[in-house]
Amino acid sequence: MTLTNKTVPLIQDPDRLEGRIKEIPQEPGVYYMRDSSDQILYIGKSKRLRSRIRSYFNGHDTRPRIALMLRQVVEVEFIVTDTEAEALALEANLIRQHQPHFNVLLKDDKKYPYLCITWSEEYPRIFITRKRRMGKERDRYYGPYVDSRTLRTTLHLVKRIFPLRQRPQPLFKDRPCLNYDIGRCPGVCQAMITSEEYRKTVQKVAMIFQGRTSELEETLAVQMEQASEALNFEHAARLRDQIIGLKSLGAEQKVALPDDTISRDAIALAADETHSCVQLFQIRAGRLVGRLGFVADSQSGEPGAILQRVLEEHYQSVDPVEIPAEILVQHELPETEMLAEFLTQSKGRKVSIVAPQRQTKAELLEMVERNAGYELARTQRFADRNAQATLDLAEILDLPELPRRIEGYDISHIQGSDAVASQVVFVDGLPAKQHYRHYKIKNPKVMSGHSDDFASMAEVISRRFRKYAAAKARGEQMSSESSVLKSHTSAYADFPDLVMIDGGKGQLSAVVAVLREMNLLEDVKVVSLAKQREEIFLPGESLPLTTEADQPGVQLLRRLRDEAHRFAVSFHRQQRSDRMRRSSLDEIPGLGHHKQKQLLATFRSIDYIREASPTQLETVPGVGPRLAQQIYDYFHPSQHVSGESADEQPSVS
């Protein structure tokens, strides 16, 4: 088969390369580089697209990573924008969407927590999370914060200073809890404060995490004076207490800078051959109000490019008021002017980006770099521990390569009822929760009073690997080789290097039988870990492997097994709870699954539904007067019977 010109890398076809470059305009925009399989290798931006693309192919950039990329580029596409700032914003969105291999990608390793304010809700919630969900654009995430203890302490103090919603769900149906009585909550659960007023309070909290504490103190001081002049001394006293509480928040966070009137951020990194740990210090009015952390792959770019990627990602997700007037950078950025223009346009006033070499600002950057070094050392310790564990595991199991992706499986049930299974995934020795999966056991023989862990585990493994079995079957029709799985499943990036079953020889035998039936036994490396003595069993072996409990490889399998058990048990409890919540409602005629969900969404629990009157039940969408009375009668049978007797008694007499 002959390759067409369009599948040959551009660097090998000078005529087509030159023609393509001439088609690209000298305007600001974003460009894509694609390979022969139409995958995006790299996404970039420039204020002069043609010049930037030409600079890649003229041989001036000798970095090995760029040379490797250019050998794969068969097509260059572009999108023209009106301004450089638009190009920067578009590039960041496209990188986040496509995750190209040769771009600087920030690792979301759940190491650092965020603070989230859910502005999308009528009464916003404030909580700490390690998952940054981008589904709701109005929600705001502050962070990621390096010091989680300080973040939790700050949030705890904030909830004592301002009256905020303290509980995720109401404690009582018809009255507020004790937090309202002591002034910690404004009675959100009973709508004793309007959404507009509550949002004003939450906005004050947001100003603290935006680094605008001083501005908030000044605003509250003005309001306190106005309340005093209006003889509203109780309100003035509350404002005074809030000001005192805000001053205590930043009492220990003073940073010695000669000019404490300018807001500035300082960013630096420390890197080894694998990881780049970035620290971003947020300084407002001379106070260190936030210390954010990011992790990137060192091989994905030069230090300046990594810093620029962090700044672009960070400042596109903040409010314009949070952008400082000055940004101190450890290394010169590749696109300093473009980023400065974008930030200036977003903020509405000049933003400068400087790389200081001496005096106080340089000393500040040295402090940031030193802290980045500490984070890098911690990252290295984790990486070394996990690398040692995977190496030891490979030696124990005599694996040809280090097991990069390991999957663990467990079954959870109570005497067969609500039987479920879990699949957890460790990548490079760390939990990869985005790949976790739940399974509901579908075997009709597994039911309440009758359990079969062997059959349940076999079912889960069969469902997990059936697509690979199909791929191998298609491959064997075209090849006489016995093992063609890898060549015909190269598109599957989720194929495990090792599978661990929670259990002993019985569970392992059931899994081996189903893998043999699927013709995958030679391709899937599977072991089991027994609970009692932490013994590792291999297929076909009657005795466990000779290992020590404190070996790094064994400890890795134990961490995987414990995580699989935790994940399975939590899902089983959820399924059991849902079934028990619905069991009573299932017995009411005319009450389908959708209306059950509406009832539970409105009243939160069966107990509240039981206490509700027919008039209150009618307020639920889809529940009319007749159905409301049926629901009420179901939960109050004695009243229903006595009512019938009372009605019948006159006719009897």
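Y114 sits across from T129, a residue of strand 6. Keep in mind that this is a predicted model.

- Strand 5 covers residues 114-117 and is joined to strand 6 by four bridges, with the two strands running antiparallel.
- Helix 5, made of residues 148-161, packs on the sheet and touches strand 5 and strand 6. The direction of helix 5 makes about 170° with that of strand 6.
- Helix 7, made of residues 195-209, packs on the sheet too, touching strand 5, strand 6 and strand 7. Here the direction of the helix makes about 155° with that of strand 5.
- In what order do the strands of the open sheet come? There are three of them, in the order 6-5-7, and the pairing is antiparallel.
- Strand 6 (126-129) and strand 7 are the edge strands, and each has a single partner strand, so one side of each has no neighbour in the sheet.
- Ignoring direction, neighbouring strands of this sheet are turned against each other by 30° on average.

**Two packed helices**

- General idea first: a pair of packed helices is described by the angle between the axes and how far apart those axes are.
- Helix 4 (residues 84-98) packs with helix 11 (residues 336-347) at an angle of about 95°, and their axes are 9 Å apart.
- Angles of 65 to 115 degrees count as roughly perpendicular, so helix 4 is roughly perpendicular to helix 11.
- Which residues meet here? On the helix 4 side they are E84, A85, L88 and A89, and on the helix 11 side M338, L339, E341, F342 and Q345.
- Sorted by class, this contact of helix 4 with helix 11 has six nonpolar, one polar and two charged residues.

**The cavity**

- How do you find empty space inside a model? Rolling a probe the size of a water molecule over the atoms shows where it is left.
- Counting cavities of 30 Å³ or more gives one.
- The largest cavity holds about 70 Å³ of space.
- Its lining includes R140, Y141, Y142, G143, F209, H314 and E322.
- Which strand gives the most to the lining of the largest cavity? That would be strand 7 (residues 140-142), with three residues.
- By class, the lining of the largest cavity has six nonpolar, four polar and two charged residues.

Notes: Residues numbered from 1 in each chain as written. Predicted model: local features only at pLDDT ≥ 70, side-chain atom pairs only at ≥ 80, totals over all residues. Heavy atoms only, no water. 1 Å grid on protein atoms, 1.4 Å probe; cavity = no way out; pocket = protein on both sides within 12 Å on 5 of 7 lines; lining within 4 Å. Points joined across faces, edges and corners; volume = space filled by probe spheres on them. Nonpolar A, V, L, I, M, F, W, Y, C, P; charged D, E, K, R; others polar. Pairing = 2+ DSSP bridges. Axes fitted to C-alpha atoms, helices over the stretch in contact; angles between N-to-C directions. Contact = heavy atoms within 4.5 Å. Parallel < 35°, antiparallel > 145°, perpendicular 65-115°, else oblique.
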